[in-house]
Amino acid sequence: MTAVNYLTFSTILFLLAIGGVLLNSQNLFILLMSIELMLLAVNMNFLVFSVLLDDMMGQLLALFILAVAAADSAMGLAILVTTYRTRGTMAVEYATGMKG
Amino acid sequence: MSSPESVHDAVLVSSASGPALGSLGVVSLVNIVHPAPSSGSVSACISLPHPSMNADFAAAVQILIHAGAVNVPIPFAAMPVSQPQYPHPAKPWTVGDGITSALRTSAFPPLINMILYTSWYRIFPIVLRNAGSSPTHSVQRIGSYSSTESLPPFEPPSIVLLVALVGAITVARREQVIGQETEPALRIDD
């Protein structure tokens, strides 16, 4: 597979994740995993361009994103469990605590 | 195309179809228990093509971090919230959903067109940093970068990760602590 194929693949993955974020209104859980999919697609792009440019900074940024994704997932799951305990549902439309 | 190259391409295509199918499962499955293994398959399969890009260290770290810090907590978070919560059928397709789906679908052809018709190699000149020296392994180069040039940017994420994990545990246990604190007050009221 060439770089074009990798970029196409990461684009497909990113668009699927965007669809999961935008079209999902019933479950915060799928929203969180869709954000993880977005980060994976971005990671793939970083690795592809790291190979293309022969620059190790792309791999370093991929590791950086992985660490941030792990922290994001941990906090997101904790907030999700707390939200379910307090509200009894995980529907996105009821998560209006910060609405003005 | 030679035979090893075709085999290589077949392996890469099969390892690329795993994340695509897994991400479809993550996005489309309604029951929250089912997307968890799909997410695991995505994170495992997406790291399979990485060694072919000389990113074996990133592949190993991705599997370890996603298996340990993302995919293991997901079932533990799904278990307390996996009660049946969809007694009614799914909501009908609204106008906003249609617009969103149309925008997303219409964004796909120009993106693919841009990817296919952009000469990536002409835009970005390839500069071999170690052209004169002996080639080193990617792990050694990553270690060299992360311990010299990129040391300051990598220290805050480690602290952020630690604080996030401790904060996640604190947030998840908050209700239990409040319940323990309010229990004596309830006894006094009784």
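Helix α1(A) is mostly covered, with 14 of its 20 residues buried, where buried means under 20% relative accessible area, exposed over 50% and partly exposed in between (1.4 Å probe, protein chains only). Helices are DSSP runs of H or I with at least four residues, numbered from the N terminus. This is a predicted model, in which local features need pLDDT of at least 70, side-chain atom pairs count only at pLDDT 80 or more, and totals for chains, interfaces and linings use all residues. Residues are numbered from 1 along each chain as its sequence is written, chains are lettered from A and ligands numbered from 1 in the order in which they are written, and side-chain values use heavy atoms, without hydrogens and water.

Residues 30–53 of chain A are 100% helix, with end C-alpha atoms 35 Å apart. Residues 59–81 of chain A are also 100% helix, with a separation of 33 Å between end C-alpha atoms.

In chain B, the buried residues of α8(B) are P157(B), A164(B), G167(B), A168(B) and V171(B). Seen down the axis of α8(B), these fall within an arc of 105 degrees, so they line one face of the helix; the arc is taken from the directions from the helix axis to the C-beta atoms. On the other side of α8(B), the exposed residues are P152(B), I159(B), L162(B), V163(B) and I169(B).

Key
Helix = DSSP H or I, 4+ residues; strand = E, 2+ residues; numbered from the N terminus.
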